[in-house]
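Keep the sequence and the 3D view open as you read.

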Amino acid sequence: MIKSFVINKYLAKKFFKVTVIAILLFLCLGVVMNIFEEINFFKDKNVGIAVPVMLSILFVPSLLQNMLPFIILLSGIWFFIAIRKTDEVLAMKVSGMSNFSIIIVPSLISLVIGIIFITSINPITSVLVKKYENIKAGYDTEKDYLAAITVNGIWIREKNEEKNNVIRSANLDLDSKHLIEVSIYEFTKHGDFIKRVEAESADISSLKWILKNAKIIDAEGIVISQDIENLTYFSMYDIKEIKNLYSNLNTISFWNLENEMKLLEERGYSTREMQSKLQRYFAFPFFLLSMLLLSAVFTLG
């Protein structure tokens, strides 16, 4: 029993070391490759090399979830080939260990790595990606619109050369392609409030919105006109754009995913993609385990 414990400890230490080295190599390679993309983005902006490097360091760790199965596969192949070349596999078999006994320790480590990644590392990478997007958005001067979903409703900000608009809606009806309880606040480009438009709903099937039962209120709170059956508003958003507000799910951590799904359901959004993401999180440790077993099949037979 003592001999088995010593061997298992040795296998665990060796496999963990190989995996850590592989992760660091892939992270360094990812940072180097992503730096070129960031430099290309900032080529027309007056920034130094420090900003692309910093953004790459913030962004690349979020790619670990996609890279880790491949890393585990390569680490497993590297590990099993290494112990075969030194005849350690033969020595362990002579001592009474089977192939299954040899791979069980790396398999357990793969499971543990998957669990640690989902529960501990994923929340950190989601914060880094959010920071990355916020910093990069500050340099994206061509983006004149912004949308977000909060506990207070759906918020959209649009601006052009003449004025800025802030739009709030209580929720979204995907079936009818309507925003419900819409308020449009119109400001000058200097930030002075002009007027407010209230509507029961807005048809957003195209960039030409049709506001139903609208009324217009000036800056003094006086109703200029009301009971407007159909009022036209030209927006930068349509139903497709608003549905894709949560296209980058890497900004949402494993622990916050369920709360975000509840929030989206309250606002009328479909949470199918988030549910799929949550299921992938739960399956992730077993995916790493399957990669380790696959590497054992390639090398140990």
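## Terms and source

A residue counts as buried under 20% relative accessible area, as exposed over 50%, and as partly exposed in between (1.4 Å probe, protein chains only). By that rule, Glu 38 is buried, because its relative accessible area is 1%.

This is a predicted model, in which local features need pLDDT of at least 70, side-chain atom pairs count only at pLDDT 80 or more, and totals for chains, interfaces and linings use all residues. Residues are numbered from 1 along each chain as its sequence is written, and side-chain values use heavy atoms, with hydrogens and water left out.

## Salt bridges

Side chains of opposite charge can pair when their charged atoms come close. A salt bridge here is a side-chain nitrogen of Lys or Arg within 4 Å of a carboxyl oxygen of Asp or Glu. How many salt bridges does a search of the whole structure find? The search finds four.

One of them joins Lys 136 to Glu 38, at 3.3 Å from N to O. Lys 136 sits in helix H5, and Glu 38 sits in helix H1 (residues 2-41). Helices (H or I, at least four residues) and strands (E, at least two) are DSSP runs, numbered from the N terminus. Lys 136 is buried, because its relative accessibility is 19%.

## A network of three residues

Lys 163, Glu 186 and Lys 195 are linked in a network of salt bridges. Lys 163 pairs with Glu 186, with the closest N and O atoms 3.5 Å apart.

Lys 163 is partly exposed at 27%. Lys 195 is partly exposed at 25%.

## Helices H3 and H5

Two packed helices are described by the angle between their axes and the distance between the axes. Axes are lines fitted to C-alpha atoms, for helices over the stretch in contact, and angles run from 0 to 180 degrees between N-to-C directions. The axes of H3 (residues 64-85) and H5 (residues 99-139) come within 12 Å and cross at roughly 160°. That makes H3 roughly antiparallel to H5 (over 145 degrees; under 35 is roughly parallel, 65 to 115 roughly perpendicular and the rest oblique).

Contact means heavy atoms within 4.5 Å. On the H3 side, the contact residues include Leu 68, Ile 72 and Phe 79. On the H5 side, they include Pro 106, Ile 113 and Phe 117.

## Helices H7 and H8

H7 (residues 257-266) packs against H8 (residues 272-299) at about 165°, with the axes 10 Å apart. The two are therefore roughly antiparallel. Among the residues that meet are Leu 257, Met 261 and Glu 265 in H7, and Met 274, Gln 275 and Tyr 281 in H8.

Glu 265 is partly exposed, at 47% relative accessibility. Not counting residues up to four places away in sequence, Glu 265 touches Thr 271 and Gln 275. Glu 265 and Ile 21 are 244 residues apart in sequence and 42 Å apart in space, C-alpha to C-alpha.
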